[in-house]
Amino acid sequence: MNRKTVCATVALLLAAIAPAAIAQEAAPAPQPTAPGIRWQKDVPAIASGEWTGARLADGQPDVSGFWSNTISNHSNFTDPQAGPPGEPSAAAKLPRDQRAPSRVSDPGDGQVPYLPAARALQEDFAKNFPNPVKPRYIEPLARCAPAGVPKSFMWHGYEVRQYPGYVVFLFDSGTRIIKLDGSPHIAPGIKLWNGDSRGHWEGNTLVVDVRNNNGKALFGRYGDYMGDNAAVAERFVFDPAGQRFNYVATFTDPTVYSRPWTATIPARRYTVADKPDGWHFDVKPVNLPGKPLQYEHSERICAENNGPFGGGAVGVPSDEPVIDR
Amino acid sequence: MIRKAVLLLAASTALLAPAFSAAAAPAKPALQAPVAAPAIPRQADGKPDFSGIWQVLGEADYDLEPHAGRRDAPPGPGVVEGGTIPYTPEALERRNKNFATRAKDDPRLKCWVLGVPRGVYYPAPFQIFQRAQDLTLVHQFGNQVRTIRTDGSDHPEEKHQEFWLGDSRGHWEGDTLVVDVADFNEETWLDRAGNFHGPDLHVVERWTFVDPNTISYSVTLDEVGIFTKPWTINVLLHRRRDKGFQLIEDYCYALEYEQFYPHKDGK
């Protein structure tokens, strides 16, 4: 992708945050923070059970294709439609039950059960996010860091490709290769942005055990996070028609949380019936004259094109060598 | 290589044939059996299946051309057919300039996308995931993921998108995957020695199994104004067969700022 395209994308993302207040003047109902960012209010329950849909030759449920979240981006983890720190959305003024619920589905209060020291760190990040006077207050995704677990499911739309023994997630910021072969995790001392994933299918549910997390990606602009001792038990529960799934992930990290807790992030499938929107469904037609319409995503580039971000208070881009190998 | 493999395959088919006529004809003494080439992995549709983790073994990324050992490169015999890259005089001058400043200007040092073909012969593993309609190449180094569609599609109608990896479209010629790659930008280099290309680079890759664990990767580069004629690189790619081997993400562009997370002041 060339620089122009990416600049346009970044501009759109910036626009996604800022003019929420203007949107409220124009329309009384809650509006997306940007054209294209879907803002559904409800999170339909999907029960684990048998898979009755199409299967691939190796027996896996066929869930390959384009997907994206349905309630909001990563601006706010626990009040997804209220906007990022310091820039409340139009909907933030409405009664809480008129916005999508917290992504924390357990405990019932919708809050991450941090230990006091961890809560203080999260709140310190949120307080400093609007004016990041230190590098630690810049949202790492703004620097093109991999979005990691679970933020990748709240960012741009993504693609699932499946192979015997593998489910592969292609995100705009990073790639997750989920091995289905029952092999052990890599050595525990190796810590990774996306962690190390081992999965298997239980009926309509892809069950994934994520270890080796480095905890660096954060969950979004409020600074919610896990530590590098965290284990994440993910369940991707697909509806029988294969049009939606709920990402249900339980986070365990005794150094950061007082108890395990669970996040739920809804997603829906995008197909040729949907209009490409540059965010959830950032695709172009495949050049296949005479054949039915298909879409493809162009290459995923970020660090190579990244411009100033994070309020510009702390330099983000760098042309300096970062490796010596 | 292809021809040999085909002959061996034909020979092994011939070996099967007598079995059917065994009842009719008296058993003959066993033929001097040729050493059968091990069967290559194939997809359900019969096309070669390159699924797996691959890595070059060699010095190509240090310098595509023949070179003696130096401080920042082991010696290498070169991987360019004919020895040297046929640059135009102006392009050669620029390559020499790149060579002089390689310690700071090689885009690899920023962990940026290495491009095509460099990502293939950069000395880090990459994994090929293959379906009938496409191959997905996930490189361990940085954030490089390339899709090669083999569904008969052509390059996008929209030109000059200036992709970092180019746009890849593949088709099969017998057991060889032929990939046409076009529409690049000029940000990537071809190796650590400052060899380079411009935005009008045209790349044709040929991927062929030598045996089940080795791929012959032959790639031809052409660009008017940079090269005086098309030229070709040949390397072998080896299957990583170390016990339990897997890709380990290497988002090295994040190394300079990972110290600040989660919630740290850094060093």
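The model is predicted, so local features need pLDDT of at least 70 and side-chain atom pairs count only at pLDDT 80 or more, while totals for chains, interfaces and linings use all residues. Residues are numbered from 1 along each chain as its sequence is written, and chains are lettered from A in the order in which they are written.

Let us start with chain A. Its secondary structure comes to 4 helices and 12 strands; these are DSSP runs, with helices (H or I) of at least four residues and strands (E) of at least two, numbered from the N terminus. Of the 325 residues in chain A, 43% are buried, meaning that 20 or more other C-beta atoms, placed from the backbone, lie within 10 Å of the residue's own.

Now look at where the chains touch. Chain B gives 47 residues to the contact and chain A gives 49 residues, two residues being in contact if their C-beta atoms, placed from the backbone, lie within 7 Å. The chain B side has 23 nonpolar, 12 polar and 12 charged residues. Here Ala, Val, Leu, Ile, Met, Phe, Trp, Tyr, Cys and Pro count as nonpolar, Asp, Glu, Lys and Arg as charged, and the others, Gly among them, as polar.

Finally, turn to chain B and its strands. Strands β7 (residues 202-211) and β8 (residues 214-222) of chain B pair in the antiparallel sense over 9 bridges; strands pair if DSSP finds at least two bridges between them. They form a hairpin with 2 residues between them, and Arg206(B) has Ser218(B) in β8(B) as its bridge partner. β8(B) is also joined by 8 bridges to the antiparallel strand β9 (residues 231-239) of chain B, where Ile233(B) stands opposite Val219(B).

Note on methods
Buried ≥ 20, exposed ≤ 12 C-beta atoms within 10 Å, placed from the backbone.
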